[in-house]
Amino acid sequence: MNSFPKVIKNKKISRNWILQNKFRGKTIAFVPTMGYLHKGHLALVEKANKLADLTVVSIYVNPTQFGPNEDFQEYPRNLDQDLEKLATFNVDLVFTPSDKEMYSEGFVTTIHVDKLTAPLCGARRPGHFDGVTTIVSKLFNIINPDFAVFGEKDFQQLAVIKRMVKDLDFNLKIESCPTIRESDGLALSSRNQYLTGKQRKEAPVIVKALRRVKELVAQKQITTPSEVETRAKNIIKQNSNCAKIDYIQCLSADNLHEVNNFENSTVLAAAVFFGKTRLIDNIKLT
Ligand code: AMP
């Protein structure tokens with residue numbers, strides 16, 4: 001068992017701690033999170049441990065990436081439980097800023113990544129990715145990591161951040177981790193705890209549909225992306241009373257463009273509501 005990590009709320013103090021360590025030649029891997037940590041987050045921490053000398057985790061529920069009718073207020077928070085979980089890994093610093101620390105009075109700057117933010121979650125959650133890219137840029141500037149680790153569950157977010165790092169010349173390398181799942185296939189998410197018993201029972205229908213159509217594509221029983229989308233939607237509708245599909249869409253993994261045939265890397269991405277809880281998942285088809 002490792003000890004509880006050092007927790008710093010103040011960005012100046014965090015920056016000084018990081019500068020001192022960098023001066024000593026230490027490399028830093030960074031895992032940004034919104035807390036309420038689960039095994040998906042911890043897989044990123046494990047990867048960060050392997051990448052660099054020091055691991056820094058941030059826990060911050062960023063208000064600017066939530067829409068006015070979204071779950072910012074209700075988003076689950078439990079710092080003590082998070083620190084307990086992180087204590088079983090080698091985490092050198094946990095950065096837990098307040099809103100005031102991150103958004104000083106008069107804050108008016110936004111980082112906007114064009115095009116890649118147009119489809120999927122970007123189309124359904126206006127302003128969401130501007131909030132994400134702005135806060136992630138700020139965190140990169142404060143932590144100054146050599147590596148930053150993100151989950152493939154948030155497939156569009158990962159593509160957007162990679163593009164931003166390239167376009168803005170952030171001096172760091174983005175690494176990613178595959179999606180960690182429950183034993184019934186449901187992708188781990190801090191939002192899973194909102195689900196009622198019945199919704200939780202039905203939620204694995206998302207991954208079931210994604211995996212089934214992947215099989216059908218491999219067997220050449222489905223030959224076009226539009227058939228994939230229709231079949232996946234039908235599987236979800238037939239197997240759940242409470243699922244409400246937000247989107248199910250095939251895209252090119254490289255540029256997130258719509259695809260008419262299976263290119264080298266086609267991804268099927270899904271967002272499905274169970275009551276007010278919106279869950280996302282994706283699978284690589286080819
Ligand atoms: P969040 O706290 O939801 O903002 O997520 C923080 C990071 O954890 C993001 O890079 C997510 O993609 C990643 N993440 C969330 N859930 C999972 C999961 N089930 N498997 C792998 N990574 C995940």
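Domain bounds in these legends come from an automatic or database domain assignment, and on that basis the protein is divided into domain 1 (6-177) and domain 2 (190-284). The structure is a predicted model, in which local features need pLDDT of at least 70 and side-chain atom pairs count only at pLDDT 80 or more, whereas totals for chains, interfaces and linings use all residues. Residues are numbered from 1 along each chain as its sequence is written, and side-chain values use heavy atoms, with hydrogens and water left out.

View 1. Polar contacts here are pairs of N or O atoms within 3.5 Å. An oxygen atom of the ligand lies 2.8 Å from an N or O atom in the side chain of His41. The backbone also takes part, with a polar backbone atom of Gly151 at 2.9 Å from a ligand oxygen atom and a polar backbone atom of Leu188 at 2.9 Å from a ligand nitrogen atom. Of the 490 Å² of accessible area that the ligand has on its own, the protein covers 92% (Shrake-Rupley method, 1.4 Å probe).

**View 2. The shell around the ligand.** Of the 17 residues around the ligand (a heavy atom within 4 Å), those that come nearest are His41, Gly151, Asp154, Ile180 and Leu188. Strand E2 (28-33), helix H2 (39-51) and strand E5 (147-151) are the elements that each give two or more residues to this shell, and H2 provides the largest share, three residues; helices (H or I, at least four residues) and strands (E, at least two) are DSSP runs numbered from the N terminus.

**View 3. The interface between the domains.** The C-alpha centres of domain 1 and domain 2 lie 26 Å apart, and 21 residues of domain 1 are in contact with 16 residues of domain 2 (heavy atoms within 4.5 Å). About 1,700 Å² is buried between domain 1 and domain 2, with carbon and sulfur atoms giving 58% of this area, where buried area is the accessible area (1.4 Å probe) that two parts lose on being put together, summed over both. In domain 1, the residues losing the most area to domain 2 are Leu120, Arg124 and Phe155, which together account for 35% of what that side buries.

Key. Polar contact = N/O pair within 3.5 Å; in protein donor to acceptor, adjacent residues only side chain to side chain.
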